[in-house]
Amino acid sequence: MRIIPVLDIMGGLVVRGVMGDRQAYRPIETPLSDSADPVAVAKGLAGLGDFSAFYVADLDAIEGRPPNAAALSALGEAFADTAFWVDVGLRTATDAERLQLAPCQHAVMGTESIADAAVLAALTRPEQAILSLDFKGDEFLGAPEILQDTALWPDRVIVMTLARVGSGAGPDLDRLGAIVARAEGRAVYAAGGVRGPEDIEALKQAGVAGALVSTALHDGWLSPEALRRFCR
């Protein structure tokens, strides 16, 4: 079971996600760091456990504003041996391959951003790409054929339930179970709603490969001891 800490970046700072309402996101206040600087927050998170990857969402880039390139570069320099799953609102296969030229960066292709299914079919290195199936409530954000045609999916798939991000409502186990059942052995990752060890155990029992987590780490709901137990 992989636990992957989340860094949502806006305006050069890490912000705390609240149910996908990005206008309400504010710089994070966390006992793990004295500031919302991305490198400082990442170092605080790294002190909790031996994480093999971070998920980074550049919310400015996703919404069409200038990207947080300096923050991404600083993270790469500070964590040279760590993988970064990076969502910058990529729209084309060419964009994904350009991003992956940077060391240790894996392109997250969010369905809310990519134009259509042809983008996934055009990937020349799908093993380095991660598909994020984005949902807001019951609405799938993206081209319906991407959700329907599992042959388009790369080996790693995130199920992003935006309305549960930062909500403390628990993961969407029904939707995750349905995706796992269709995924044909692909690694499925949960994003949104994880509260603590009980949720991680439930995800594990559902066949989920890992979870993207933020609030539960910053608020201490997932202790270093629990992380060691699940990440063995």
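1. Is aspartate 138 buried or exposed? Aspartate 138 counts as exposed, at 77% relative accessibility, where buried means under 20% relative accessible area, exposed over 50%, and partly exposed in between, with a 1.4 Å probe and protein chains only. The model is predicted, so that local features need pLDDT of at least 70 and side-chain atom pairs count only at pLDDT 80 or more, whereas totals for chains, interfaces and linings use all residues. Residues are numbered from 1 along each chain as its sequence is written, and side-chain values use heavy atoms, with hydrogens and water left out.

2. On the overall architecture, the secondary structure of the protein comes to ten helices and eleven strands, taken as DSSP runs (H or I of at least four residues for helices, E of at least two for strands) and numbered from the N terminus. The radius of gyration is 16 Å, close to the 17 Å that the globule rule gives for 232 residues, so the protein is as compact as a globular protein of that length; this radius is taken over C-alpha atoms, and the rule is 2.2 Å times the number of residues to the power 0.38. Along its principal axes the C-alpha trace spans about 45 × 40 × 35 Å.

3. The accessible surface comes to about 10000 Å², of which 51% belongs to carbon and sulfur atoms, the areas coming from the Shrake-Rupley method with a 1.4 Å probe and, for residues, only the protein chains shown counting as cover. Among contacts (heavy atoms within 4.5 Å) between residues at least 6 apart in sequence, 62% join residues at least 24 apart.

4. Taking a salt bridge as a side-chain nitrogen of Lys or Arg within 4 Å of a carboxyl oxygen of Asp or Glu, the count comes to nine. Arginine 175 forms one of these with aspartate 138, the closest N and O atoms being 3.8 Å apart. This pair links distant parts of the chain, 37 residues apart, with arginine 175 in helix H7 (residues 173-182) and aspartate 138 in the loop between strand E7 (129-136) and strand E8 (139-140). Arginine 175 is buried, with a relative accessible area of 15%, whereas aspartate 138 is exposed.

5. Salt bridges that share partners also join Asp60, Glu63 and Arg65 into one network.

6. Aspartate 95 is partly exposed, with a relative accessible area of 25%, and arginine 98 counts as exposed at 51%.

7. H7 is followed by glutamate 184, whose phi is positive, near 55°.
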